[in-house]
Amino acid sequence: MTGVQTCALPISGITNAILLAMVGYRLSLTEICTLSIMTTFFNYFGPLRTGAVVRATYLKKVKNTPYSSYAGIMAANLLFILFTAGLLCAMMIPYFYSLSPVYLRVVVFLTIFLLSFPVIIYVFRPRNLNPRNRVFNMLFL
């Protein structure tokens, strides 16, 4: 495990705990740490984001969290990561400005995309969901 992954463990656990708390599910500090470590472990050694499946299974069995809620939390987490990456790109603009105009155009475009995409998805999300359409509900919780 690299140093970046080790630093990301607590941040990932806290982010997931905050998102779960927003929909009414509380995690203890032990659960936050354990889920973060297990998710990283299974993502590292398992195929196709196995850690997300392990976390979803734990939350379903122990906290009785519906899979649709968990899918919505994962989508919100990904949008949060994209927005954070956009903020980091915005902070890098002065560095790329000193290198070359070609790099600057790419970073400015990437920054605009990474900052606007999550905001657009949030603003234009559907308000009333059909309870019979489970796939739609998972994507737009």
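How are α4 and α5 oriented to each other? The points below take up that pairing and then the rest of the model, which is a predicted one.

1. Overall make-up. The protein has six helices and zero strands, and its elements, followed from the N terminus, run α-α-α-α-α-α. Of the 141 residues in the protein, 26% are buried. When contacts between residues at least 6 apart in sequence are considered, 51% of them join residues at least 24 apart.

2. The pairing of α4 with α5. Helix α4 covers residues 67–99 and helix α5 covers residues 101–123, and their axes come within 8 Å of each other while crossing at roughly 160°. Angles over 145 degrees count as roughly antiparallel, and α4 and α5 are therefore roughly antiparallel to each other. The crossing of these two helices is left-handed. On the α4 side the contact includes Leu79, Leu82, Phe83, Leu87, Ile93, Phe96 and Tyr97, and on the α5 side the residues they meet include Tyr103, Leu104, Val107, Leu114, Phe117, Pro118 and Ile121. Sorted by class, the contact of α4 with α5 holds 22 nonpolar and two polar residues, with no charged residues.

3. The pairing of α3 with α4. Helix α3, residues 50–62, packs with α4 at an angle of about 135°, and the axes of the two are 10 Å apart. That angle makes α3 oblique to α4, and the crossing of α3 and α4 is right-handed. From α3 the residues Ala52, Arg55, Ala56, Thr57, Leu59 and Lys60 take part, and they meet Tyr67, Tyr70 and Met74 in α4. By class, the contact of α3 with α4 comprises six nonpolar, one polar and two charged residues.

4. The pairing of α2 with α3. The axes of α2 and α3 are 6 Å apart, and the two helices pack at an angle of about 145°, with α2 passing α3 in a right-handed crossing. Helix α2 contributes Glu31, Leu35, Met38, Thr39, Phe42 and Asn43 to the contact, while α3 contributes Thr50, Gly51, Ala52, Val54, Arg55, Tyr58, Leu59 and Val62. By class, eight nonpolar, four polar and two charged residues make up the contact of α2 with α3.

5. Arginine 55. This residue is found in helix α3, and with a relative accessible area of 6% arginine 55 is buried, since the cut-off for that term is under 20%. Once residues up to four places away in sequence are set aside, arginine 55 touches Asn16, Leu35, Thr39 and Tyr70. Arginine 55 belongs to the contact of α3 with α4 and also to the contact of α2 with α3. Its C-alpha lies 8.6 Å from that of serine 36, although arginine 55 and serine 36 are 19 residues apart in sequence.

6. Glutamate 31. Glutamate 31 lies in helix α2, which spans residues 29–45, and it is buried, with a relative accessible area of 14%. Leaving out neighbours within four places in sequence, glutamate 31 is in contact with Arg26, Tyr58, Val62 and Lys63. Tyr58 and Val62 are also among the α3 residues listed in the contact with α2.

7. Aromatic residues. The model has six aromatic pairs. One of them joins phenylalanine 41 and phenylalanine 42 in an edge-to-face arrangement, with 5.3 Å from centre to centre and 85° between the planes. Phenylalanine 41 counts as partly exposed at 43% relative accessibility, and phenylalanine 42 is likewise partly exposed, with a relative accessible area of 30%. Phe41, Phe42, Tyr44 and Phe45 form one aromatic cluster, and Phe42 is also listed on the α2 side of the contact with α3.

8. Asparagine 64. Which residue other than glycine has a positive phi, near 55°? That residue is asparagine 64, found in the loop between α3 and α4. Most residues other than glycine have a negative phi, which is the reason for giving this backbone angle a point of its own. Asparagine 64 is exposed, with a relative accessible area of 54%.

Notes: Residues numbered from 1 in each chain as written. Predicted model: local features only at pLDDT ≥ 70, side-chain atom pairs only at ≥ 80, totals over all residues. Heavy atoms only, no water. Axes fitted to C-alpha atoms, helices over the stretch in contact; angles between N-to-C directions. Helix = DSSP H or I, 4+ residues; strand = E, 2+ residues; numbered from the N terminus. Parallel < 35°, antiparallel > 145°, perpendicular 65-115°, else oblique. Left-handed = near helix turned anticlockwise from the far one by under 90°. Contact = heavy atoms within 4.5 Å. Nonpolar A, V, L, I, M, F, W, Y, C, P; charged D, E, K, R; others polar. Phe/Tyr/Trp six-rings, centres within 6.5 Å; stacked < 30°, edge-to-face > 60°. Buried < 20%, exposed > 50% of the residue type's maximum accessible area, 1.4 Å probe, protein only.
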